[in-house]
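Hello,

Here is the structure I promised to pass on. Please open it first, then read my notes below.

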Amino acid sequence: MNTDQNKLPCSYFTDTKPLLLENGTSIDELTVAYESYGKLNKNKSNAIIICHALSGDQFLASKNPLTNKNGWWNRMVGSGKPIDTDKYFVICANVLGGCLGSTGPTSINPSTGEEYGLNFPVITISDMVNAQMRLIQHLEIDKLLSVIGGSMGGMQVLEWAASYPSNILSAIPIATSSKHTAQNIAFHELGRQAIMADPDWNGGNYIKVGSHPTKGLSIARMTAHVTYLSEASLTKKFGRRLQDKEEISFGFDADFQIESYLRHQGLTFVDRFDANSYLYITRAMDYFDLEKTHKKSLTEIFEKTNIKFLIASFTGDWLYPPSENLMIVRALSAGGADVSFVNIESDKGHDAFLLEEPEFDDAMRGFINSVSIEAKI
Amino acid sequence: MNKNRTDLELITSLVDNNTRILDVGCGNGELLQSLKDKKNVKGQGLELKQERVNQCVSKGLSVIQGNADSDLSLYPNQSFDCVILSQTIQATNNPRNILIELVRIGKKAIVSIPNFGFWKVRVSFTTYGKMPITKKLSNNWYDTPNIHLCSILDFVDLCREINIKIEKTIVLSSNNIKSYNGSPNNWSNFFGEEAIFLIKN
């Protein structure tokens, strides 16, 4: 784990005005690490914010300096792509609680001079959005053309639309939910328990003692990764094929390709993610319940909203299934909101929104284009 | 608008200005766009096919990808001023239930049907003894999406049975358009190729 993230090449915004958190405490010195693509136009009317998912980061469409891999939504965002950076100014910020430069458990607590670790306050999705709002104010953007995100990014989009309706023209929550279900919480709990069961976690103080719970974190990642796929995609990709061998070994090595793949996913994840960040961010997702936060029904939250919505789900997504997304559509529709819904046929599981799905790309391109025409960009 | 869809123009004429409309089975959004342009409605569509949904989205129309048979329950009571179901009811699994849903969701509803009682359909069947193929009903029996065809009189009977009021009927034949207050007469079931009903609860 690289603890010098502050040196990661991207933009930084620091705010010394305390950020009040949902749990009643505050972050006294807020840093938001972000990347931006394209150019902000003269009227500042072409800005789009993209919110990343649990294991995502600000390196949306540029090479990630930690992994040296292309940005996680490289195929969606860029010159001539559905979210066209020749036309739009696209911002992506590392979430509050993250570990790639924004204030999180690996940051220095200004009041102690040491890393926060478990002294970091338990943050929520709405805290993440409030931190992003500070960035938008700093950039002096009054109105975002669109707020877009999948999975946890979609939760942030819903929170943006609920908290700052006059600051956004359109919203695209993708493969998401207005509240975490028992199944969602259950999988997160498995991940957290794996991390905390690792002796190298050291009660959360691993940075101080110079360890990192890599075993626990990689198991957490392996578990989560399975939930992002589907039986069909696993069967198609791996089946029962063996890894570099002709026969089973009658042992516990990674005989099967799927085992080897998962181990690889786990191992590479620990190089770019902090274990405590994983605890905090999964918790924020579990606590997410838009109706509870806003003390209103979904329909009431979005009643009379002028935001234009596109909601997208994928038929093979069992983690945030179409039915969860449809609940949001139903509430928006009941409140008279301008909402469109696409349910993309795909067997790729929850990760489909990150993968090659031409029909999804077309819907995104068409919707954003129609919004930009209405906004006269 | 497509010249062959006179029915869409007639439907447009039945819609009031500045109202909230749901077009069930909205296709590529042709009718919704026309209603938006001519009647300044706030429209939403329901459509099953991905390609058509994307066409609507690209036009800036509000559309929900879904199925008339299962997804009308999405909408609360009387949430639209008018719900439109154009040339679709014969392709649904449960037309009776759909009619009930339409007048639940909409303060009124406009339903258009191809008339299976049309004389050419009758002649075709009695002459050849085979499932009729006409201009409006152009599929073979084995590949037609139209699984619940009915005549104008059948439709009127069903409305009576489930206490739906027919306010107005427009009957189209190849060279004639006739309007009726309430239900049409029996002749229309013979000469009409297509009918548009304005109904409410």
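**Where the helices meet**

Start with helix H12 of chain A and helix H3 of chain B: Glu359(A), Asp362(A), Ala363(A), Gly366(A), Phe367(A), Asn369(A) and Ser370(A) from H12(A) are in contact with Gln50(B), Asn54(B), Val57(B) and Ser58(B) from H3(B). By class, this contact has three nonpolar, six polar and two charged residues. Bear in mind that the model is predicted.

Now the geometry. The crossing of H12(A) and H3(B) is left-handed.

**The chain contact**

Step back to the two chains. Chain A gives 21 residues to the contact and chain B gives 15. On the chain B side, H3 and strand E3 (62-65) each supply at least two residues. H3(B) has the largest share of that side, with five residues. The side of chain B that touches chain A holds seven nonpolar, seven polar and one charged residues.

**Inside chain A**

Chain A has its own division. Domain 1 covers 5-180 + 289-374, and domain 2 covers 185-281. The C-alpha centres of these two domains of chain A are 26 Å apart. Their contact draws 26 residues from domain 1 and 18 residues from domain 2. On the domain 1 side, 11 are nonpolar, 11 polar and four charged.

Best wishes

Technical notes
Residues are numbered from 1 along each chain as its sequence is written. Chains are lettered from A and ligands numbered from 1 in the order in which they are written. This is a predicted model: local features need pLDDT of at least 70, side-chain atom pairs count only at pLDDT 80 or more; totals for chains, interfaces and linings use all residues. Domain bounds come from an automatic or database domain assignment. Two residues are in contact if their C-beta atoms, placed from the backbone, lie within 7 Å. Ala, Val, Leu, Ile, Met, Phe, Trp, Tyr, Cys and Pro count as nonpolar, Asp, Glu, Lys and Arg as charged, and the others, Gly among them, as polar. A crossing is left-handed if the near helix is turned anticlockwise from the far one by less than a right angle, and right-handed if clockwise. Helices (H or I, at least four residues) and strands (E, at least two) are DSSP runs, numbered from the N terminus.
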